[in-house]
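Please look over the sequence and the structure shown below.

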Amino acid sequence: MKKSLGPKTLVYPTPVFVVGTYDQQGAPNMMTVSWGGVCCSSPPCVAVSLREATYSYGNLVSRKAFTVNIPSQKYFKEADYMGMVSGRDENKCEALSLTVVNSTVVDAPYIQEFPVVLECQVIQTIKIGGHTQFIGEIKDVKIEDSCLGPEGFPDVEKVAPFMFSPGDRHYYAVRQCLGKAFEVGRGK
Ligand SMILES: Cc1cc2nc3c(=O)[nH]c(=O)nc-3n(C[C@H](O)[C@H](O)[C@H](O)COP(=O)(O)O)c2cc1C
């Protein structure tokens, strides 16, 4: 028996990304984004949806570049802060004592302390409604060596990302490995 909840953005899991941009003066800004995800494999692309009211929106329109920083669980309060305070009013990285690094690949900053960063060039912008989707081609991915698994890919348990739950508006840890994809379903 299913109960109808109506047309709502209740998708699970939704990521907790921290999107890095520069403003017109070259000051770095970071903003938390959950309306986002991978949207193409070739070229590798990630999409983030921003409201025009955010400071980051104007930065993205003028600079056409951004980073997607993936914070680990120990930074969940910092990520929440970056989703409540605007860069218009405060230098969030300074306030949080986080280290800003200038990407040499795209015109955007990233955060040293977060284990994974995707450096993206905007290739398409789609005004959907209240949100505008920015599609970024991933020019490079950087990851802390300590978070790599034996096959040279990010080890999710070491990266320790967390998700946002729309609806009840809580953060949840991403933890346990269930099995290997494109394998465990064989012979079912
Ligand atoms: C968990 C979480 C997820 C969020 N996701 C989005 C999002 O996907 N798009 C958006 O426009 N705002 C989102 N926000 C709100 C912005 O992060 C917030 O308005 C922020 O202050 C904007 O920063 P800025 O003005 O410095 O760009 C989210 C906030 C939180 C706490």
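Leaving aside residues up to four places away in sequence, Phe17 touches Val33, Gly36, Val48, Val68, Asn69 and Ile70. Two residues are in contact if their C-beta atoms, placed from the backbone, lie within 7 Å. The structure is a predicted model, in which local features need pLDDT of at least 70 and side-chain atom pairs count only at pLDDT 80 or more, while totals for chains, interfaces and linings use all residues. Residues are numbered from 1 along each chain as its sequence is written.

Phe17 also belongs to the largest nonpolar core, which has 33 residues; together with Val18, Val19, Val48, Phe66, Val68 and Cys120, Phe17 touches the most other members. A nonpolar core is a set of buried Ala, Val, Leu, Ile, Met, Phe, Trp, Tyr and Cys residues joined through C-beta atoms within 7 Å. A residue is buried if 20 or more other C-beta atoms lie within 10 Å of its own, exposed if 12 or fewer, and partly exposed in between. Among the elements that each supply at least two residues of this core are strand E2 (17-22), strand E6 (65-70), helix H2 (76-82) and strand E9 (116-127). Helices (H or I, at least four residues) and strands (E, at least two) are DSSP runs, numbered from the N terminus. In soluble globular proteins, nonpolar side chains tend to be buried together.

## The surroundings of the ligand

Of the 21 residues around the ligand, Trp35, Ser56, Gly83, Ser86 and Gly87 come nearest; a residue counts as near if its C-beta atom, placed from the backbone, lies within 6 Å. Strand E3 (28-33), strand E5 (45-51) and helix H1 (55-63) are the elements that give two or more residues to this shell. E3 provides the largest share, four residues. By type, the shell holds nine nonpolar, nine polar and three charged residues.

## Helix H1

Which residues of H1 are buried? They are Ser56, Asn59 and Leu60. Seen down the axis of H1, the buried residues fall within an arc of 95 degrees, so they line one face of the helix; the arc is that of the directions from the helix axis to the C-beta atoms. The cover over these buried residues includes E2, E3, E5, E6, E9 and strand E10 (131-143). Just after H1, Lys64 takes a positive phi of about 55 degrees.

## An open sheet of three strands

An open sheet has the strand order E1-E11-E12, with antiparallel pairing. Its edge strands, E1 (14-15) and E12 (170-173), each pair on one side only. Two strands pair if DSSP finds at least two bridges between them. Two bridges join E1 to strand E11 (residues 162-165), and four bridges link E11 with E12.

Phe164 in E11 stands opposite Thr14, and its bridge partner in E12 is Tyr171. Pro15 stands opposite Met163. In the hairpin of E11 and E12, four residues lie between the strands, and Gly167 takes a positive phi near 105 degrees.

## Leu96

Leu96 lies in helix H3 (residues 92-96). Because 19 other C-beta atoms lie within 10 Å, Leu96 is partly exposed. Leu96 touches Glu78 and Tyr81, not counting residues up to four places away in sequence. The C-alpha atoms of Leu96 and Glu78 are separated by 7.0 Å, although these residues are 18 residues apart along the chain.

How values were computed: Nonpolar A, V, L, I, M, F, W, Y, C, P; charged D, E, K, R; others polar.
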